Amino acid sequence: MRISLFKTQYYFALIFASALTLFSTQVQSHSHNSAAVILMYHHFGDDTPPSTSVTLAQFDAHLDYLKNNDFTVWPLSKLIHHWETNQPVPDRTVVLTADDAYISVYTEAYPRLKKLGWTMTTFVNSEPVDSGFGNYMSWQQMRNMQAAGFEFANHSHSHSKMRPIDGETEADMLTRVRQEVSLAQQRLDAELGAENVPRLFAYPYGEYSESAANLIAEMGYTSVAQVSGAVDANMDRRALNRFPMAVNFAKIEDFRLKVNTRPLPLNSITPWDPIISKNPPTLTLELSEPVRQLNCFNSRGHTLHMDWQSPTQLVIQAEQALRSPRDRYACTAPTGQGQWYWFGHLWVID
């Protein structure tokens, strides 16, 4: 639930580079008709942890911006359905998601979104809901929202990490992951109706190993992470990127930048597994087309070493070891259309 976010230096780099867009011609991103931005919230309020909260004033400003600038707001399942059926996605499409099913989703986000005719996808870890913890929604409150078109999906039963923990073996980890996902799904299906619960999954803490992600995909889920970046139909659905929203990085100028980003035109990334074997790790990006003025950073805003192997193959690496427990590489570039390509990759460091 804690979120590592880009520091001020990172945004200075974006602002500085934006001036260069006036003097360059950039090919348009592929799959524009399938591109979207997924946002991740947790708490809505002024008295909850800033690292996982947006203030009500910030959330109101977000909604006003989306409304006043003709954005399309969809639940996540609708976006995935359009991808799977090869239907075009409207330009300026945004998906709102919330992790953990905190009570403020019901008391604050729900009435605001309902008034606008918009919905949200909320990811539920079922154990605290079953336990009746007061800072979480109840099943009945979820049913009330569901009747208004809101959707709920799987966030595991106990909010357990989807990677090896406490020295467990790979086999034990995969058994635990299957049990966590299956139990949460059973409770969601029982309380909300199996026909009403899309097979979507959000990684607790945003952490996962490739083997766990493979298992969850084999169980029939499309999964979302907690790493910034725009998405499209070509993205790996084992871990779709989402922009985390929290007090220090949810200011309207940051929000405006993020919801107008485009997915970096990628064919592949190597390694895909976020679990680090060597620190600092190297990451190889295979682009589907050349991208000019690409710059890459870690979560502290430090510039990464970039080694271009060809016009479409790039190897990036941090100069110093990444910090535990999580870090990330991010790459951005101007599209030439007044927007930004934005890609992020998670690293998990024990």
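Q: What does the accessible surface of the protein chain come to, and how much of it belongs to carbon and sulfur atoms?
A: The accessible surface of the protein chain is about 14,000 Å², and carbon and sulfur atoms hold 49% of that, with areas computed by the Shrake-Rupley method using a 1.4 Å probe and, for residues, only the protein chains shown counting as cover. This is a predicted model, in which local features need pLDDT of at least 70 and side-chain atom pairs count only at pLDDT 80 or more, while totals for chains, interfaces and linings use all residues. Residues are numbered from 1 along each chain as its sequence is written, and side-chain values use heavy atoms, with hydrogens and water left out.

Q: How many helices and strands are there?
A: The protein chain has 9 helices and 18 strands, taken as DSSP runs numbered from the N terminus (H or I of at least four residues for helices, E of at least two for strands). Its radius of gyration is 19 Å, close to the 20 Å that the globule rule gives for 350 residues, so the chain is as compact as a globular protein of that length; the radius is taken over C-alpha atoms, and the rule is 2.2 Å times the number of residues to the power 0.38.

Q: And what share of the residues is buried?
A: Buried residues make up 56% of the 350 residues, where buried means under 20% relative accessible area with a 1.4 Å probe, protein chains only.

Q: Which residues have the most contacts inside the largest nonpolar core?
A: They are L39, Y41, F44, L96 and M120, in a core of 45 residues; such a core is a set of buried Ala, Val, Leu, Ile, Met, Phe, Trp, Tyr and Cys residues joined through side-chain atoms within 4.5 Å. Elements giving two or more residues to this core include β1 (37–41), β5 (93–99) and β18 (340–348), while α2 gives the most, with 5 residues.

Q: Switching to D99, is that residue buried or exposed?
A: D99, which is placed in strand β5, is buried, with a relative accessible area of 0%. Among the residues that D99 touches, not counting those up to four places away in sequence, are H42, H155, Q226 and R242, a contact being heavy atoms within 4.5 Å.

Q: Where is H345, and what does it touch?
A: H345 lies in strand β18 and counts as buried at 4% relative accessibility. Beyond four places away in sequence, H345 touches residues including W272, D273, D327 and R328.

Conventions:
Buried < 20%, exposed > 50% of the residue type's maximum accessible area, 1.4 Å probe, protein only.
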